[in-house]
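Walk through the model below, starting with its overall contacts and ending at its ligand. Keep the structure open as you read.

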Amino acid sequence: METANNQDTRRSKHGQGLSGITNCHPLRGYPVVVAGKGKRNRKWDRETPLGLVRRARRMNRTLATAFPHVYCELDFTNPLELTVATILSAQCTDKRVNLTTPALFREYPTALAYAQADRTELEEMIRPTGFYRNKANSLINLGQQLVTRFDGEVPDKLEDLVTLPGIGRKTANVVLGNAFDIPGITVDTHFGRLVRRWRWTAEEDPVKVEKVVGDLIERKEWTLLSHRVIFHGRRVCHARRPACGVCVLASDCPSFGEGPTDPLEAAALVRGPETEHLLALAGL
Ligand code: SF4
């Protein structure tokens, strides 16, 4: 019977390394690893485009059971507040933004209020969110543009939103999905990291990631999918040491094993209010 060692020896005679990247997936340009997690990798390398669609949608359904109550973690009551909170959330935690915005929203309830803001006072209010000078600039310019071009209202079209100061595609999709109920895919750092781990795409460019994921997942699911993926990234699938041993996606994830696979070790890595529910799903 041929052993794994024999196979490795044969490969090395043909000039291929025993570990690491030696080839590319013919369809999606993924690196193919020929040794180490061989069997498991071969399974994903053979996945067809239809198989990927089915797996991606199954993973979305699994995430829905893990996180049945997803929501935008920024506090807001109208499109303007969400737009402002999203601008402030750049390089800052949602928690810190939520501590800052109640007083800010009271002081600046309209686009006109931002347009006419005293710069020093505004900077002082948003200082805890970091980069406060740039952010104050964005908010004042945003207020002015909303007043002059959109009657003081936040527009509900992606092409209009991205022309506003401080609003890129990511912010625009957050606003569309959460303030206007128009499906949008929010590609932040968590989302990009996870979909690449899952081999939904190998793209690094957020716009390309958005396009690929948009082709995989039903449009009506886009906003909820974005929340679920971001929740999973924050609570389970961390950049360093993902909690693979208790992950609901383990059987569908090509990167299973990137973090501890021992359930007890992995359980200690889970964060957030859903921890008990997530561990129960893992049988703990
Ligand atoms: S199995 Fe591990 S790498 Fe894959 S999604 Fe779960 S935590 Fe992330």
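In the protein chain, 53% of the contacts with a separation of 6 or more join residues 24 or more positions apart. Two residues are in contact here if their C-beta atoms, placed from the backbone, lie within 7 Å. This is a predicted model: local features need pLDDT of at least 70, side-chain atom pairs count only at pLDDT 80 or more, and totals for chains, interfaces and linings use all residues. Residues are numbered from 1 along each chain as its sequence is written.

The protein chain has 15 helices and two strands. These are DSSP runs, numbered from the N terminus: helices are H or I with at least four residues, strands are E with at least two. Of the 284 residues, 33% count as buried. A residue is buried if 20 or more other C-beta atoms lie within 10 Å of its own, exposed if 12 or fewer, and partly exposed in between, with C-beta atoms placed from the backbone.

Take helix H5 next. H5 covers residues 94-107, 14 residues in total. From first C-alpha to last, H5 reaches 20 Å, close to the 20 Å expected at 1.5 Å a residue. The expected span is 1.5 Å times one less than the number of residues. H5 also bends, by about 40 degrees at threonine 101. That bend is the angle between axes fitted to the seven residues ending there and the seven starting there. Proline 102 follows within four residues. Val97, Thr101 and Leu104 of H5 are buried. An α-helix has 3.6 residues a turn, so residues three or four places apart point the same way. The cover over the buried residues of H5 includes helix H4 (79-88) and helix H7 (119-126).

Now turn to the ligand. Which of the 14 residues around the ligand come nearest? They are Cys237, Pro242, Cys244, Cys247 and Cys253. A residue is near a molecule if its C-beta atom, placed from the backbone, lies within 6 Å of it. By class, the shell has 10 nonpolar, two polar and two charged residues. Ala, Val, Leu, Ile, Met, Phe, Trp, Tyr, Cys and Pro count as nonpolar, Asp, Glu, Lys and Arg as charged, and the others, Gly among them, as polar.

An unreviewed UniProt entry places the feature "binding site" at Cys237, Cys244, Cys247 and Cys253. They span 17 residues in sequence, yet no two of their C-alpha atoms are more than 11.0 Å apart, so they gather at one spot. UniProt positions follow the numbering used here, feature names are shortened, and annotations may be inferred rather than shown by experiment.

Cysteine 237 sits in the loop between helix H13 (222-235) and helix H14 (263-267). Cysteine 237 is buried because 25 other C-beta atoms lie within 10 Å. Leaving aside neighbours within four places in sequence, cysteine 237 contacts Leu194, Arg197, His232, Pro242 and Cys247. Cysteine 253 is in the loop between H13 and H14. Cysteine 253 counts as buried, with 21 C-beta neighbours inside 10 Å. Not counting residues up to four places away in sequence, cysteine 253 touches Arg197, Trp198 and Cys247.

Glutamate 258 lies in the loop between H13 and H14. With 15 C-beta neighbours inside 10 Å, glutamate 258 is partly exposed. Beyond its neighbours within four places in sequence, glutamate 258 contacts Arg197, Pro242 and Cys244.
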